[in-house]
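Here's a quick briefing to read alongside the sequence and the model. Have both open, and we'll go through charge, layout and packing.

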Amino acid sequence: MSDLITVQGVVISAMPIGEYDKRIVLLTRERGKISAFAKGARRPNSPLAGACTPCNFGKFMLYEGRNSNTLQSAEIENYFAELRTDVAYYAFYFLEFADFYTREANDEREMLKLLYQTMRVLTKKIIPFELVRYIFELKALSVSGEGPQVFQCVRCGNRERPCVFSVK
(Lines give C-alpha, C1' and ligand atoms only; values in the text may rest on other atoms or scores of the structure.)
Protein backbone atom coordinates (compact mmCIF):
# COMPACT_ATOMS: atom_id res chain seq x y z
CA MET A 1 0.00 0.00 0.00
CA SER A 2 1.34 3.43 -0.89
CA ASP A 3 1.39 6.41 1.47
CA LEU A 4 0.79 10.05 0.60
CA ILE A 5 3.68 12.26 1.72
CA THR A 6 4.14 16.01 1.46
CA VAL A 7 7.58 17.47 0.81
CA GLN A 8 8.79 21.00 0.25
CA GLY A 9 11.49 21.59 -2.30
CA VAL A 10 12.59 22.59 -5.76
CA VAL A 11 12.46 20.76 -9.10
CA ILE A 12 16.08 20.37 -10.17
CA SER A 13 15.45 18.35 -13.33
CA ALA A 14 12.63 17.03 -15.47
CA MET A 15 12.79 14.58 -18.35
CA PRO A 16 10.16 12.99 -20.59
CA ILE A 17 9.21 9.37 -20.01
CA GLY A 18 7.01 7.60 -22.49
CA GLU A 19 4.44 9.53 -24.46
CA TYR A 20 2.77 11.65 -21.76
CA ASP A 21 4.71 11.25 -18.51
CA LYS A 22 7.68 13.00 -16.89
CA ARG A 23 10.28 11.96 -14.38
CA ILE A 24 11.26 14.79 -12.06
CA VAL A 25 14.04 15.06 -9.51
CA LEU A 26 13.24 17.11 -6.41
CA LEU A 27 15.63 18.52 -3.84
CA THR A 28 13.51 18.47 -0.68
CA ARG A 29 13.85 19.61 2.89
CA GLU A 30 12.37 16.44 4.39
CA ARG A 31 13.85 13.65 2.26
CA GLY A 32 16.83 15.12 0.43
CA LYS A 33 17.00 14.39 -3.28
CA ILE A 34 14.19 12.17 -4.55
CA SER A 35 12.77 11.31 -7.94
CA ALA A 36 9.11 10.97 -8.83
CA PHE A 37 7.00 10.17 -11.85
CA ALA A 38 4.37 12.67 -12.95
CA LYS A 39 1.80 10.72 -14.93
CA GLY A 40 0.25 12.72 -17.75
CA ALA A 41 2.37 15.81 -17.05
CA ARG A 42 3.13 16.31 -20.76
CA ARG A 43 -0.52 16.56 -21.73
CA PRO A 44 -1.56 20.14 -22.57
CA ASN A 45 -4.41 20.30 -20.03
CA SER A 46 -2.62 18.48 -17.20
CA PRO A 47 -2.63 20.21 -13.80
CA LEU A 48 0.92 18.88 -13.30
CA ALA A 49 2.32 20.41 -16.50
CA GLY A 50 3.37 23.71 -14.89
CA ALA A 51 4.54 22.14 -11.65
CA CYS A 52 7.07 19.85 -13.33
CA THR A 53 9.30 22.59 -14.69
CA PRO A 54 12.83 23.07 -13.30
CA CYS A 55 13.30 25.97 -10.84
CA ASN A 56 9.79 25.62 -9.37
CA PHE A 57 9.74 25.79 -5.58
CA GLY A 58 6.80 24.59 -3.52
CA LYS A 59 5.03 21.71 -1.81
CA PHE A 60 4.69 18.42 -3.61
CA MET A 61 2.28 15.64 -2.65
CA LEU A 62 3.67 12.24 -3.58
CA TYR A 63 2.50 8.67 -3.34
CA GLU A 64 5.38 6.70 -1.94
CA GLY A 65 5.49 3.31 -3.58
CA ARG A 66 7.75 0.34 -3.01
CA ASN A 67 10.13 1.21 -5.85
CA SER A 68 9.21 4.74 -6.93
CA ASN A 69 7.29 7.89 -6.05
CA THR A 70 4.36 9.26 -8.02
CA LEU A 71 3.50 12.96 -8.03
CA GLN A 72 -0.13 13.48 -7.06
CA SER A 73 -0.33 17.28 -6.89
CA ALA A 74 1.76 20.37 -6.24
CA GLU A 75 1.35 23.80 -4.71
CA ILE A 76 4.02 26.00 -6.29
CA GLU A 77 5.08 28.95 -4.12
CA ASN A 78 7.62 30.46 -6.51
CA TYR A 79 7.90 29.71 -10.22
CA PHE A 80 11.02 31.84 -10.70
CA ALA A 81 9.69 32.84 -14.11
CA GLU A 82 12.27 35.65 -14.34
CA LEU A 83 15.00 33.02 -14.51
CA ARG A 84 13.64 31.43 -17.67
CA THR A 85 14.44 34.43 -19.87
CA ASP A 86 17.69 36.35 -19.59
CA VAL A 87 19.59 34.39 -16.91
CA ALA A 88 18.37 30.86 -17.62
CA TYR A 89 21.87 29.53 -18.14
CA TYR A 90 22.87 30.57 -14.60
CA ALA A 91 19.75 29.05 -13.07
CA PHE A 92 20.21 25.75 -14.88
CA TYR A 93 23.90 25.72 -14.00
CA PHE A 94 23.01 26.03 -10.31
CA LEU A 95 20.39 23.28 -10.61
CA GLU A 96 22.85 20.94 -12.31
CA PHE A 97 25.51 21.76 -9.71
CA ALA A 98 23.07 20.95 -6.89
CA ASP A 99 22.02 17.75 -8.65
CA PHE A 100 25.65 16.62 -8.91
CA TYR A 101 26.59 17.39 -5.29
CA THR A 102 23.50 15.95 -3.58
CA ARG A 103 22.67 12.33 -2.90
CA GLU A 104 19.37 10.51 -2.50
CA ALA A 105 18.12 9.84 1.04
CA ASN A 106 20.63 12.33 2.48
CA ASP A 107 20.03 15.45 4.58
CA GLU A 108 20.31 18.21 1.97
CA ARG A 109 18.59 21.10 3.79
CA GLU A 110 21.63 23.37 3.57
CA MET A 111 21.98 22.85 -0.18
CA LEU A 112 18.25 23.50 -0.68
CA LYS A 113 18.49 26.71 1.34
CA LEU A 114 21.56 27.83 -0.61
CA LEU A 115 19.90 27.05 -3.94
CA TYR A 116 16.70 28.91 -3.03
CA GLN A 117 18.59 31.98 -1.79
CA THR A 118 20.74 32.01 -4.93
CA MET A 119 17.64 31.91 -7.16
CA ARG A 120 16.14 34.81 -5.23
CA VAL A 121 19.33 36.86 -5.61
CA LEU A 122 19.35 36.18 -9.36
CA THR A 123 15.80 37.51 -9.72
CA LYS A 124 16.65 40.76 -7.88
CA LYS A 125 19.61 41.51 -10.23
CA ILE A 126 21.45 43.56 -7.59
CA ILE A 127 24.70 41.58 -7.45
CA PRO A 128 26.63 40.77 -10.66
CA PHE A 129 25.73 37.27 -11.86
CA GLU A 130 29.36 36.17 -12.07
CA LEU A 131 29.91 37.06 -8.40
CA VAL A 132 26.73 35.16 -7.46
CA ARG A 133 28.11 32.15 -9.31
CA TYR A 134 31.44 32.28 -7.44
CA ILE A 135 29.71 32.62 -4.08
CA PHE A 136 27.35 29.73 -4.86
CA GLU A 137 30.19 27.46 -5.94
CA LEU A 138 32.26 28.11 -2.82
CA LYS A 139 29.27 27.74 -0.49
CA ALA A 140 28.08 24.57 -2.25
CA LEU A 141 31.53 23.01 -1.98
CA SER A 142 31.64 23.92 1.69
CA VAL A 143 28.15 22.47 2.31
CA SER A 144 29.14 19.22 0.61
CA GLY A 145 32.31 19.00 2.72
CA GLU A 146 34.81 19.70 -0.05
CA GLY A 147 35.61 23.35 0.61
CA PRO A 148 39.13 24.61 1.32
CA GLN A 149 40.27 25.16 4.90
CA VAL A 150 41.38 28.82 5.02
CA PHE A 151 41.05 29.74 8.70
CA GLN A 152 43.67 27.45 10.22
CA CYS A 153 46.69 25.39 9.33
CA VAL A 154 45.64 22.00 7.99
CA ARG A 155 48.68 20.24 9.48
CA CYS A 156 48.94 21.69 13.01
CA GLY A 157 45.60 23.50 13.49
CA ASN A 158 47.24 26.83 14.43
CA ARG A 159 44.93 29.83 13.98
CA GLU A 160 47.36 32.50 15.23
CA ARG A 161 49.95 32.86 12.49
CA PRO A 162 49.05 33.93 8.95
CA CYS A 163 47.97 31.05 6.75
CA VAL A 164 49.04 30.36 3.21
CA PHE A 165 46.58 28.80 0.79
CA SER A 166 47.97 26.07 -1.42
CA VAL A 167 46.05 24.19 -4.10
CA LYS A 168 48.05 21.05 -3.23
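**Charge, fold and cores**

Take the 23 positive and 19 negative charges of the protein chain: their mean positions sit 3 Å apart. Keep in mind that this is a predicted model. The chain has three helices and five strands, and its nonpolar residues form a largest core of 24 residues with another core, of 16 residues, lying apart from it.

**Layout**
- Going along the sequence, you'll read the pattern β-β-β-β-β-α-α-α.
- The C-alpha trace spans about 65 × 40 × 25 Å along its principal axes.
- If you look at contacts between residues at least 6 apart in sequence, 54% of them join residues at least 24 apart.

**Surface and burial**
- Out of 168 residues in the chain, 36% count as buried.
- The accessible surface is about 10,600 Å², and carbon and sulfur atoms account for 51% of that.

**The cores**
- In the largest nonpolar core, Leu27, Leu115 and Met119 are the residues with the most contacts inside it.
- At least two residues of this core come from each of strand 1 (3–17), strand 2 (21–28), helix 1 (88–101), helix 2 (109–124) and helix 3 (129–143).
- The other core, apart from that one, has 16 residues, including Ile24, Ile34, Ala38 and Ile76.
- Which residues does leucine 115 touch, leaving aside those up to four places away in sequence? They are Val10, Ile12, Leu27, Phe94, Leu95, Ala98 and Phe136.

Methods: Residues numbered from 1 in each chain as written. Predicted model: local features only at pLDDT ≥ 70, side-chain atom pairs only at ≥ 80, totals over all residues. Heavy atoms only, no water. Core = buried A, V, L, I, M, F, W, Y, C linked by side-chain atoms within 4.5 Å. Buried < 20%, exposed > 50% of the residue type's maximum accessible area, 1.4 Å probe, protein only. Helix = DSSP H or I, 4+ residues; strand = E, 2+ residues; numbered from the N terminus. Contact = heavy atoms within 4.5 Å. Areas by Shrake-Rupley, 256 points an atom, 1.4 Å probe, with all protein chains shown as cover. Lys, Arg positive; Asp, Glu negative; His and termini not counted. Charge placed at Lys NZ, Arg CZ, Asp CG, Glu CD.
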